[in-house]
Amino acid sequence: MELIIKRNLMVTPAESTWTGIMSLSEFDQIGSTTYARAIYFYGPTPTPTPFQTITEILINSLSQVLVNFYPLAGRLHSTNDSRFELVCNAQGAIFVAAELNADLVDFGADNYFTPTQNFDRFLFPYIDDTNPIHELPILLVQLTQFRCGGLCLSFTSSHIITDGLSAANFMTEWARIARGLPLQNIPILDKKAFRVGESAVIPRFDHSKDFCNMPFMLKQPTAEELEKMKTTMVTLKLTSEQVEKVKKMANHAKMSRPYTRYEALTTYIWRCSSKARKHQQEQPTACLITIDSRKRLQPPLPFWFFGNGVFDITASCNAGELLSLPLSHGASKVRSAIETVTSEYVLSAIDFFKSQQNLTKFQYSYKSSTNGGANYGGNPNIGVVNWMNLPFEGIDFGWGKEIHFGPANHGVDGDTWILRGGGSEDDKSLLIVVCLLVEHVEAFKKYFYDDIINNYSSETLSSFSDELSKELI
């Protein structure tokens, strides 16, 4: 493949924006301190718009949307206490337009566009992250035209500035402006709800074991073994019927409040990974769950709050109980962890982080080794990110909606995304994108599909049939 760069420029806001130092919240300062990346693929259109015209539309609309989303045009600076501050200086975002002598099918042979290293090589702008952070742009995008006439738009932004919902809202508003429409939701940049600028008080809860407390393998790999550990990404599709079967597995017993689709699927993925990794019964294992605090605060923050409203919590147990007990047991662990996050818990966690002199142990890079990093998500652990309800999809810049949206190539063992799999609202299928060690992939795929059939017992089927009959009567 050969990539030809047609444009490579810094796009600045179309109008003057506020300049100065913007303080960041504690949730901006923890977790991933590198870039988050996502990608859109668009199929060829019957009457294609010239690539140069599309390029100009995107450049001009990006310049306009940065007027309201001006933090993305600024630069980050490190402080002396392992924290960051945002300098709003309108330096701009990187925009790259390129042509690639390849076709869409070269990236989506499995019909799911499973991320590979070629995604990084050809579809995302290069970032020299050996440079000081204040020299790096916060936002980088690349528009790539394929030989077949299809398009790809990649999105790279600093996770210190955006979480998934902020990024999705930005893409939605950018697309509206590209189509000649006004902004629908102006981003809320005020971070007072997260006590920015306030002094720390004594946390209401004990958070000493809540963060940066992930288990490691009982038998630690040697340096030589670590060197040989290679990860790869796979995409697995679940039909709506299979999704319902997993939910029924988690809800085999009558419950006043059944486990949700996310709770059931997260536990199921967690259990399949533990099986594929051949964990000993006494092996501690954990599932990292990303929680959006916007709706948990009282009063809740609007969903168009711009910044990081998310942080990670942990469900944990020994592999023996995760594998030998019903799926509902693991689901109860997931639910219990989620339900600890109340408005009081969120504010207490903020005070906990404020009280820390150094946040390094709560920060991690996606460059972490296969066996390290804060909130480490590799074997024996997993992390499951829920993108099912984020408004990432249906992004139309004027040439139609995408045929695929998903994460970029990713190298951390255990990191997992749950995405909507259908192109319409009626399609309830899901895509599970997971990064695993190469040696565990085939076993994971086998358990992932076989266990739905084998564990969906005749009793469950009978119960399901009875429930359907009652609904039909």
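Q: How many cavities of 30 Å³ or more does a search of the whole structure find, and what makes a space count as a cavity?
A: In this predicted model, the search of the whole structure finds two cavities of 30 Å³ or more; each is called a cavity because a 1.4 Å probe fits there but cannot get out. About 50 Å³ of space lies in the largest cavity, and about 30 Å³ in the second largest cavity.

Q: What makes Lys 191 a lining residue of the largest cavity?
A: A lining residue has an atom within 4 Å of a cavity point, and Lys 191 is listed in the lining of the largest cavity together with Met 22, Leu 24, Pro 71, Leu 86, Ile 161, Leu 189 and Phe 306. By class, this lining has seven nonpolar, no polar and one charged residues; Lys counts as charged, so Lys 191 is the charged one.

Q: Which residues line the second largest cavity, and how is that lining divided by class?
A: The lining consists of Trp 387, Leu 390, Phe 392, Glu 393, Phe 405, Leu 419 and Arg 420, and by class it has five nonpolar, no polar and two charged residues.

Q: Why is strand 4 (residues 35-42) called largely enclosed by the rest of the structure?
A: Buried means under 20% relative accessible area, and six of the eight residues of strand 4 are buried, so strand 4 is described as largely enclosed.

Q: How do you know that strand 4 pairs with strand 9 (residues 151-158)?
A: Pairing requires at least two bridges, and eight bridges join strand 4 to strand 9, the two running antiparallel, with Tyr 42 opposite Leu 151 in strand 9.

Notes:
Residues are numbered from 1 along each chain as its sequence is written. This is a predicted model: local features need pLDDT of at least 70, side-chain atom pairs count only at pLDDT 80 or more; totals for chains, interfaces and linings use all residues. Side-chain values use heavy atoms; hydrogens and water are left out. On a 1 Å grid over the protein atoms alone, a cavity is a set of points where a 1.4 Å probe fits but cannot get out, and a pocket is an open set with protein on both sides within 12 Å along at least five of seven lines; lining residues have an atom within 4 Å of a point. Grid points are joined across faces, edges and corners, and a volume is the space filled by probe spheres set on the points. Buried means under 20% relative accessible area, exposed over 50%, partly exposed in between (1.4 Å probe, protein chains only). Helices (H or I, at least four residues) and strands (E, at least two) are DSSP runs, numbered from the N terminus.
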